[in-house]
Each structure stands twice: as structure tokens, then as C-alpha cells.
Amino acid sequence: MQIDIAQNLAEVKEAISDAARAYGRGADSVRLVAVTKTHPPETVRRAIAAGHQFFGENRVQEAESKWPGLKQEFPDCRLHLIGPLQRNKAALAVSLFDVIETVDRIKLASALARHMEATGRRPDCMIQVNTGEEAQKAGVVPGDADEFIRACREDHGLPITGLMCIPPVDEEPSLHFALLAEIARRNGLAELSMGMSADFETAVQFGATLVRIGTAIFGPRQDYGRAAEADRLTSKD
Ligand SMILES: *Cc1c(COP(=O)(O)O)cnc(C)c1O
């Protein structure tokens, strides 16, 4: 049986606006970023045909093999990078993405600023915070966040719009969402990217403005772009 993407999108959007209303927020205050990683372009097209415009990919190379054609055909689509970015792919990321959610190192910030300067393209940038201080996870640790945000804005002139986090799998996510919201508040940042298929309602409660949802819309992960994985694991800066 083929997954009904239009219906899943409608259900997820309704659950998001229900949660927003339940927590006293506007029904349109939370944007759904549909995460299409591992899914082929045909699947993305079905979501676009259902009227969706905002998408997320977690690997630059997979996005490069999937999105240039789609963006040409559907110029209103907006693509978010939600996975780790290596410095040597900063130029590609600036050309391909409309929002880069995972800025987390000064050298990366500086490379992004350089490529923005060179091309005149300025995708919105968000800073990934490693709220759980997990060794294997990307992101700045909470104690370094204020200074990192300052440096990205003042030293590198990046268009920083907000913060993003991925809570540890085995912990209560609300503590992480609350921490991210507090760091954003004290730095005057409006956007909060937090919440996935399993915990987006809690994220909305704590102020998410972007939720990143894959499985609940597209079903289990597929094989598309797996080749990019080897690259991601072997090269790091
Ligand atoms: C895959 C992914 C998601 C979506 O996860 P689902 O559980 O499929 O909804 C969200 N955020 C990031 C960073 C991801 O890599």
C-alpha cells in the first residue's frame, strides 16, 4: 500500500495547530519542515503536489543529488539544512539551502560568511545547541552559546534567526526545549527549531516555531542517498 502523503501532511498540520491552540499560541505560529532525507524526488513531488513548500534534508550531498532540479521546477520551495555541515561544503550549502539550521563552529561560521559575501546569497542561519552536551552530537554547548551567537552576528555578520536542538533520545525532551527557548530569549532570537515526529507537541508547548517531521509524513526511511553516508562519516573538519 502506498503511503498517503497528502493525508499525513494534513493530519500532522492539524496536530500542530491543535497543539498551538492548546498552549495559547496562534494556529499558524508553528511551521512544519517536512524532512525528506532518504526519500527519492518522486516522494518530494507528492508532498509539493499536496501544497507543501518547506522541506528539510540532513546531508548536503544527498540534497545536492535531489534538490537542484526540484528547486528549478518549484522555485517557491524552501529547503532547510538540518544535519551537520562540513566546512568544505559551505559553498555548496550556501547555494543550495534557504535556511542553514546547524551552524556550530567559528570556522564554519567564517566559511559561510565568506561564501555569502562572494555570492550575495544569504540563507538564514540558525545555531545548533547541543543541549544534552552529548559527545557524539553536533552543536555548541549551552555554556558557550551566548558568546558563539555574538561572534556569528558581530564578527562574521551572519543572518542568525534562531536556534535548533536535538534532545538526547533517552531523556525528557521538555527540559531541553525549555533550555533552548531560554537561550533564544536572552539573545533576542525569534526562531526555535525543535520537535520531531515523536515529540513535536511538547516542542510546540515550549515555543517551537519550526518542527522537523519526517517519519510521520513519509513513513519509514528509504535508501535514497545512502551513498552520501560514507562520505559524511569519513570526512570531518
Ligand atoms: C531525521 C530528522 C528529523 C525527522 O525525524 P523523524 O523522527 O523522522 O520525524 C528531524 N530532525 C533532524 C535533525 C533529523 O535528522
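Me: Let's start with the fold. How many helices and strands are in the protein chain?
Reply: The chain has 10 helices and 8 strands. Keep in mind that the model is predicted.

Me: What radius of gyration does the protein chain have, and what would a compact globule have?
Reply: The protein chain has 17 Å. A compact globule with 237 residues would have a value near 18 Å, so the two agree.

Me: And what does the C-alpha trace span along its principal axes?
Reply: About 50 × 40 × 30 Å.

Me: What percentage of the residues is buried?
Reply: Buried residues account for 51% of the 237 in the chain.

Me: On to the ligand. How many residues surround it, and which are the closest?
Reply: There are 13 residues around the ligand. The closest are Lys 37, Ser 197, Arg 212, Gly 214 and Thr 215.

Me: How far is a ligand oxygen from an N or O atom in the side chain of Lys 37?
Reply: That distance is 2.7 Å.

Me: What about the side chains of Ser 197 and Thr 215?
Reply: For Ser 197, a side-chain N or O atom sits 2.5 Å from a ligand oxygen. For Thr 215, the distance from a ligand oxygen to a side-chain N or O atom is 2.5 Å.

Me: How much of the ligand does the protein bury?
Reply: The protein buries 91% of the 380 Å² that the ligand exposes when taken alone.

Me: How does the shell around the ligand divide into nonpolar, polar and charged?
Reply: The shell has 6 nonpolar residues, 4 polar and 3 charged.

Me: What is its phi?
Reply: Thr 38 has a positive phi of about 70 degrees, though it is not a glycine.

Me: Is Thr 38 buried or exposed?
Reply: Thr 38 counts as buried because its relative accessible area is 3%, and the cut-off for buried is under 20%.

Me: Which other residue has a positive phi without being glycine?
Reply: Glu 133 is one, with phi near 45 degrees. Glu 133 sits in the loop between β5 (124-128) and α6 (142-155).

Me: Is Glu 133 buried or exposed?
Reply: Exposed, with a relative accessible area of 53%.

Me: Switching to strand β1. Where does Ala 34 stand on burial?
Reply: Ala 34, which is in strand β1, is buried at 0% relative accessible area.

Me: Now cysteines. How many disulfides does the structure hold?
Reply: The structure holds 0 disulfides.

Me: Are Cys 125 and Cys 165 buried or exposed?
Reply: Cys 125 is buried at 0% relative accessibility. Cys 165 is buried too, with a relative accessible area of 0%.

Me: Next, His 176. Which helix is it in, and what does its side chain contact?
Reply: His 176 belongs to helix α7 (residues 173-186). Its side chain makes a polar contact of 2.8 Å with the side chain of Thr 131.

Me: Is His 176 buried or exposed?
Reply: Buried, at a relative accessible area of 6%.

Me: Where is Leu 158?
Reply: Leu 158 is in the loop between α6 and β6 (160-164). Leu 158 is buried, with a relative accessible area of 5%.

Me: How far is Leu 158 from Arg 226 in space?
Reply: They are 31 Å apart, C-alpha to C-alpha, and 68 residues apart in sequence.

Me: Last one. What about Thr 202?
Reply: Thr 202 is in helix α8 (residues 200-205). Thr 202 is partly exposed, at 24% relative accessible area. Its C-alpha is 29 Å from that of Gln 2, which is 200 residues away along the chain.

Methods. Residues are numbered from 1 along each chain as its sequence is written. This is a predicted model: local features need pLDDT of at least 70, side-chain atom pairs count only at pLDDT 80 or more; totals for chains, interfaces and linings use all residues. Side-chain values use heavy atoms; hydrogens and water are left out. A disulfide is a pair of cysteine sulfur atoms within 2.5 Å. Buried means under 20% relative accessible area, exposed over 50%, partly exposed in between (1.4 Å probe, protein chains only). A residue is near a molecule or strand if one of its heavy atoms lies within 4 Å of it. A polar contact is a pair of N or O atoms within 3.5 Å; within protein, one must be able to donate a hydrogen and the other to accept it, and residues adjacent in sequence count only if both atoms are side-chain atoms. Accessible areas come from the Shrake-Rupley method with a 1.4 Å probe; for residues, only the protein chains shown count as cover. Ala, Val, Leu, Ile, Met, Phe, Trp, Tyr, Cys and Pro count as nonpolar, Asp, Glu, Lys and Arg as charged, and the others, Gly among them, as polar. Helices (H or I, at least four residues) and strands (E, at least two) are DSSP runs, numbered from the N terminus. The radius of gyration is taken over C-alpha atoms; the globule rule is 2.2 Å times the number of residues to the power 0.38.
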